[in-house]
Amino acid sequence: MKNIVLEYNLLLILILFPFTISYADQFSKFKNELHTNRLTLRDNAVWIVASKGLVKYDKTAEKVSSVSGELGIRPDIEYLSIASTSDNSLWFASEYYGVIKYDGKMYDYADSYIAEQIGQRYMYAFIEDSDGRVFVGDLDNIFYVDNLTPFDSNKSYYHCLQMYQLSNVADGATGGGFLIMDMEFDSKGNLWIVSDNSNANINDSERELATLIKKSKDGLNEILETTNMFPYSFFDAEPILNFENINATSLVLDKEDNIWFTSEEGIHCYNQISLKDSIMTNATNPNIPATQFYANDTDDIGNIWFSSSTTLMKYDGTDFITYTCPDYNEARSILCDGDIVWVLLKDDKLLKFQNNEFETIDLTPAVMGISETVIEANKTKAYIANGVLNVENEEGITSVEVYNSLGTPLFRRETGGEDTSIQIPLPATLNGVIIVKVNNEVVKVICN
């Protein structure tokens with residue numbers, strides 16, 4: 001499968017090379033670092049879109065591992081979003097692959113859209129409806145991605161026939177740059193969408209691209225009754241709230257079907273009955289920190305959780321309560337899991353918040369391709385003295401690898417296993433945490 005994908009992409013790149021460079025530059029402004037669908041649950045593990053590759057945290061074994069190799073995908077590229085569905089399938093997306101489905105085996109999908117939009121992949125949100133149908137959002141478009149059909153005679157590469165362009169601009173105006181950030185279904189099966197319109201452009205400057213959009217269940221079922229070939233059919237969703245140049249990032253629904261979403265304006269709560277949008281900020285409620293919250297999720301008992309870059313906040317229906325810790329920095333995504341809230345940080349750390357306490361889980365070794373082995377007792381010691389890294393292992397050293405905090409290799413050596421200690425001179429300018437892998441054991445050392 002992977003060879004077919006690589007050959008197909010390479011052919012397109014060679015054909016479209018001059019076009020691709022300018023096209024990628026033109027659309028690079030739409031990239032959004034605040035995409036929040038980077039965590040999901042599957043098989044008693046948290047699956048994570050890290051800075052590179054996919055990472056898994058086994059909650060029972062308390063073990064971090066890279067799953068890129070397990071799935072046969074590249075570990076050195078950025079993935080954009082991830083989701084698990086009711087049939088235990090895993091869905092994830094990247095610019096390199098587009099969309100991939102994993103249910104024990106892999107399914108790639110592509111279509112003519114790849115050739116047309118090769119420099120443009122912003123698939124930041126997956127959603128599944130009550131009938132098990134899966135959709136993914138992109139720039140100006142929604143795909144019905146569960147409608148996979150064979151792309152070649154080997155049936156190892158798939159394409160999606162149904163693609164819809166959002167004709168959601170108020171009063172029928174046309175526009176572009178509608179970046180779907182998040183989607184949710186309400187209890188009646190209506191689809192709700194929030195967008196980043198900060199770089200949008202429209203033909204009629206008096207009209208605005210909608211920030212909150214609704215597609216009724218009946219309307220959705222109607223368009224899915226017919227297979228829509230490339231390039232697209234119009235989605236014809238209903239614009240609900242219109243803001244100009246607003247980056248809305250994350251959306252959830254509470255048990256009363258109120259729509260909560262985060263934007264630069266503040267925390268929004270849209271009531272479907274009163275049709276009123278309430279915006280909550282530090283100015284309206286002093287318990288809300290004076291910062292932008294851009295990720296949210298709901299737990300099993302109805303609390304709504306929000307995250308800013310540095311703060312976790314809970315709304316219990318009455319009060320806003322905030323929590324933080326020294327490691328809470330540059331948060332990107334949150335996920336409620338029973339009585340646990342998981343928070344993904346930009347520097348490849350995972351925070352576990354439970355019983356009002358934070359625990360920090362370092363994902364860096366897995367991101368760098370170092371698999372941590374669960375060991376009952378450390379056999380390795382590593383420490384720095386006079387600018388020299390001293391490594392000791394009582395059972396003998398067969399291999400040593402040293403990395404800096406960015407994952408850059410500093411030292412590698414294979415040995416016969418006879419030595420129980422080794423000394424490694426370090427660069428005088430080296431500072432911060434270094435990671436030492438000795439045999440199959442990982443040790444972290446602070447270099448001051």
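Which strands each supply at least two residues of the lining of the largest pocket? They are strand E1 (39-42), strand E5 (79-84), strand E9 (125-128), strand E16 (179-185), strand E22 (250-253), strand E26 (295-298) and strand E30. Strands here (E, at least two residues) are DSSP runs, numbered from the N terminus.

Before going on, keep in mind that this is a predicted model, where local features need pLDDT of at least 70, side-chain atom pairs count only at pLDDT 80 or more, and totals for chains, interfaces and linings use all residues. Residues are numbered from 1 along each chain as its sequence is written, and side-chain values use heavy atoms, with hydrogens and water left out.

**The pocket**

The largest pocket holds about 810 Å³ of space. A pocket is an open set of points on a 1 Å grid over the protein atoms alone, where a 1.4 Å probe fits, with protein on both sides within 12 Å along at least five of seven lines; lining residues have an atom within 4 Å of a point. The volume is the space filled by probe spheres set on the points, which are joined across faces, edges and corners. Of the 35 lining residues, Phe126, Ile127, Met183, Glu184 and Asp297 are the closest to the centre. Sorted by class, the lining has 17 nonpolar, 10 polar and eight charged residues. Asp, Glu, Lys and Arg count as charged; Ala, Val, Leu, Ile, Met, Phe, Trp, Tyr, Cys and Pro as nonpolar; and the others, Gly among them, as polar.

**Salt bridges**

A salt bridge is a side-chain nitrogen of Lys or Arg within 4 Å of a carboxyl oxygen of Asp or Glu.

| Pair | N to O distance |
|---|---|
| Lysine 59 and aspartate 337 | 2.8 Å |
| Arginine 74 and aspartate 76 | 2.9 Å |
| Arginine 133 and aspartate 131 | 3.8 Å |

Salt bridges that share partners also tie Glu33, Glu330, Arg332 and Lys346 into one network.

How much of each partner is open to the outside? Buried means under 20% relative accessible area, exposed over 50%, and partly exposed in between (1.4 Å probe, protein chains only). Lysine 59 is partly exposed at 25%, while aspartate 337 is buried at 13%. Arginine 74, at 30%, is partly exposed, and so is aspartate 76, at 43%. Arginine 133 is buried at 16%, but aspartate 131 is exposed at 54%.

**A loop residue**

Leucine 275 sits in the loop between strand E24 (266-271) and strand E25 (276-280). With 59% relative accessibility, leucine 275 counts as exposed.

How values were computed:
Helix = DSSP H or I, 4+ residues; strand = E, 2+ residues; numbered from the N terminus.
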